[in-house]
Amino acid sequence: MFAVVVILTGCGGNKICSPAGIAEWERGYIGYAEQTRADNAETVMARGTADCKGYAVVSMQRLRACGIEGRIVKLSPVDNKGPGHVVVTFRQPNGERGYISGGRAGVTWELFPLETPWAEIIRSIDGGKWEANFTE
């Protein structure tokens, strides 16, 4: 229960309150398993397993608790073949942009300079050649 409270509330500058810290925490406490629906963050963390949707929900909740602007984004394969993927994109207070992506291969994150177009960030996400329809 302690992990659920810490991850969903503010962290007072703790290292977990960063995209790197969030990804590290998820790698240590949430394993991959296909889910039939998207659950809330509390359910995912109590269960200890998630697919990309569950990882995204936890990442989004944690980013919000850290005061980082983010959004859940559904990715589609460019060639329309194969399954889609769900990630969280974020913008840090200094303007840097990035993503957190959880799935079969684990949890990854990457940070980009503020001038990097979102389309370029989306294309850099592991697991496929992705596209997403969203605007600033």
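Predicted model: local features only at pLDDT ≥ 70, side-chain atom pairs only at ≥ 80, totals over all residues.
Q: Is E69 buried or exposed?
A: A residue counts as exposed when its relative accessible area is over 50%. For E69 the relative accessibility is 52%. That is over the cut-off, so E69 is exposed.

Q: Which residues does E69 touch, not counting residues up to four places away in sequence?
A: Contact here means heavy atoms within 4.5 Å. With residues up to four places away left out, the partners of E69 are T89, F90 and R91.

Q: What separates the C-alpha atoms of E69 and P93?
A: Along the chain, E69 and P93 are 24 residues apart.

Q: Is I72 buried, partly exposed or exposed?
A: I72 is another residue found in strand 3. Its relative accessible area is 44%, and values between 20% and 50% fall in the middle class. I72 is therefore partly exposed.

Q: Which residues does I72 touch, not counting residues up to four places away in sequence?
A: I72 sits in strand 3, and its C-alpha lies 8.9 Å from that of S59, 13 residues away in sequence. Leaving out residues up to four places away, I72 touches A56, V57, M60, V86, V87 and V88.

Q: Where is N80, whose phi is near 60°?
A: Most residues other than glycine have a negative phi. N80 has a positive value although it is not a glycine, and at 64% relative accessibility it counts as exposed. Its place is in the loop between strand 3 and strand 4.

Q: How many helices and strands does the chain have?
A: From the N terminus on, the order of the elements is α-α-β-α-β-α-β-β-β-β-α-β. The total comes to five helices and seven strands.

Q: What share of the residues of the chain count as buried?
A: The accessible surface of the chain is about 7,300 Å², and 52% of it belongs to carbon and sulfur atoms. Among contacts with a separation of 6 or more, 45% join residues 24 or more positions apart. Of the 136 residues, the share that count as buried is 42%.

Q: How many aromatic pairs does the structure hold, and is the pair of W25 and Y29 stacked or tilted?
A: The structure holds two aromatic pairs. In one of them, W25 and Y29 lie 4.9 Å apart centre to centre, with 25° between the planes. Planes under 30 degrees apart count as stacked, so the pair of W25 and Y29 is stacked.

Q: Which strands does the pair of Y99 and F112 tie together?
A: Y99 and F112 form a tilted pair, 6.4 Å centre to centre with 35° between the planes. The two parts it ties together are 13 residues apart in sequence, because Y99 and F112 lie in separate strands. Y99 is buried at 2% relative accessibility, and F112 is buried at 9%. The strands are strand 5 for Y99 and strand 6 for F112.

Q: How far apart in space are G106 and Y55, C-alpha to C-alpha?
A: G106 is found in strand 6 and is partly exposed, with a relative accessible area of 27%. In sequence, G106 and Y55 are 51 residues apart. In space, the C-alpha distance is 9.9 Å.

Q: Which element supplies the largest share of the lining of the largest pocket?
A: The largest pocket holds about 420 Å³ of space. Helix 4, strand 4, strand 5 and strand 6 each supply at least two residues of its lining. The largest share, three residues, comes from strand 5.

Q: Which residues of the lining lie nearest the centre of the largest pocket?
A: The lining of the largest pocket divides into six nonpolar, eight polar and five charged residues. Of the 19 lining residues, those nearest the centre are C52, G84, H85, G103 and R104.

Terms used
Residues numbered from 1 in each chain as written. Heavy atoms only, no water. 1 Å grid on protein atoms, 1.4 Å probe; cavity = no way out; pocket = protein on both sides within 12 Å on 5 of 7 lines; lining within 4 Å. Points joined across faces, edges and corners; volume = space filled by probe spheres on them. Helix = DSSP H or I, 4+ residues; strand = E, 2+ residues; numbered from the N terminus. Nonpolar A, V, L, I, M, F, W, Y, C, P; charged D, E, K, R; others polar. Phe/Tyr/Trp six-rings, centres within 6.5 Å; stacked < 30°, edge-to-face > 60°. Buried < 20%, exposed > 50% of the residue type's maximum accessible area, 1.4 Å probe, protein only. Areas by Shrake-Rupley, 256 points an atom, 1.4 Å probe, with all protein chains shown as cover.
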